[in-house]
Amino acid sequence: DALGDVLRITAVQRASATGMGEAGEVALIFPPDISAGDVAVGDWAIREPDSHRIARLLDRESTLSRRAAGAEAKLQLIAANVDTLFITSSCNPDFNPARLERYLALALDAGVTPVIVLTKTDESDDVDSYVAKARGLSDKLADVIALNAKDPDQLAPLRAWCGTGQTVAFIGSSGVGKSTLLLQAAA
């Protein structure tokens with residue numbers, strides 16, 4: 001762009017953001033007409049030439065958002081420009097169909113492809129039951145993948161969704177294996 005570098009937002013803080021471009025990470029500042037609430041991880045931004053100020057945000061392909069806490073019916077941005085949302089749960093008592101349905105609604109409302117990833121299969125004697133329950137939640141699911149997140153050989157089904165130019169995000173309760181999946185995938 002003639003204005004400046006195109007960067008992908010990788011972090012948003014109260015008064016600044018971090019962008020990733022061809023030259024690496026760049027600290028960005030908001031212009032007066034943009035606040036942290038207007039920017040999401042995954043946004044594409046154009047930086048002013050010779051400056052660290054965001055000149056403008058590019059149009060989003062998708063927006064994951066939720067209702068913010070408080071009395072106002074205000075939306076809080078979660079992420080932007082996500083192609084696939086890996087909705088993660090484990091094959092144990094943490095499995096919660098109502099929570100998975102909320103995550104499915106979030107993905108579908110944003111126009112993002114939902115894939116349920118069931119982890120901790122090595123700790124369950126009834127994986128097929130969890131898979132069947134997950135599949136029964138929606139006919140709009142792209143897939144249900146059951147795996148042991150600690151076994152890198154079991155990550156192959158996830159890689160089908162992670163091709164060049166694809167942006168994926170993980171969502172799920174604490175302790176279901178999201179970080180383990182990311183660490184194994186990066187190894």
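In the predicted model, strands E2 and E3 (residues 24-29) run antiparallel and are joined by six bridges. One of the residue pairs places Ser16 with its bridge partner Ile29 in E3. The link between E2 and E3 is a hairpin of two residues.

E2 also pairs with E1. Strand E1 spans residues 6-12, and strand E2 spans residues 16-21. The two run antiparallel, with four bridges between them. Ile9 lies opposite Gly19 of E2. E1 and E2 form a hairpin as well, here with three residues between the strands.

A further sheet is built on parallel pairing. Four strands make up this open sheet, in the order E10-E9-E8-E11. Its edges are strand E10 (143-146) and strand E11 (168-172), each of which pairs on one side only. From one strand to the next, the twist averages 25°.

Within this sheet, strand E9 covers residues 113-119 and runs parallel to E10. Four bridges hold the pair E9 and E10 together. Asp143 in E10 stands opposite Val115.

Two helices pack on the sheet. Helix H1, residues 97-110, touches strand E8 (84-90), E9 and E11. The direction of H1 makes about 175° with that of E8. Helix H4, residues 178-186, also packs on the sheet and touches E8, E9 and E11. The direction of H4 makes about 150° with that of E11.

Note on methods. Residues are numbered from 1 along each chain as its sequence is written. This is a predicted model: local features need pLDDT of at least 70, side-chain atom pairs count only at pLDDT 80 or more; totals for chains, interfaces and linings use all residues. Side-chain values use heavy atoms; hydrogens and water are left out. Two strands pair if DSSP finds at least two bridges between them. Axes are lines fitted to C-alpha atoms, for helices over the stretch in contact, and angles run from 0 to 180 degrees between N-to-C directions. Contact means heavy atoms within 4.5 Å.
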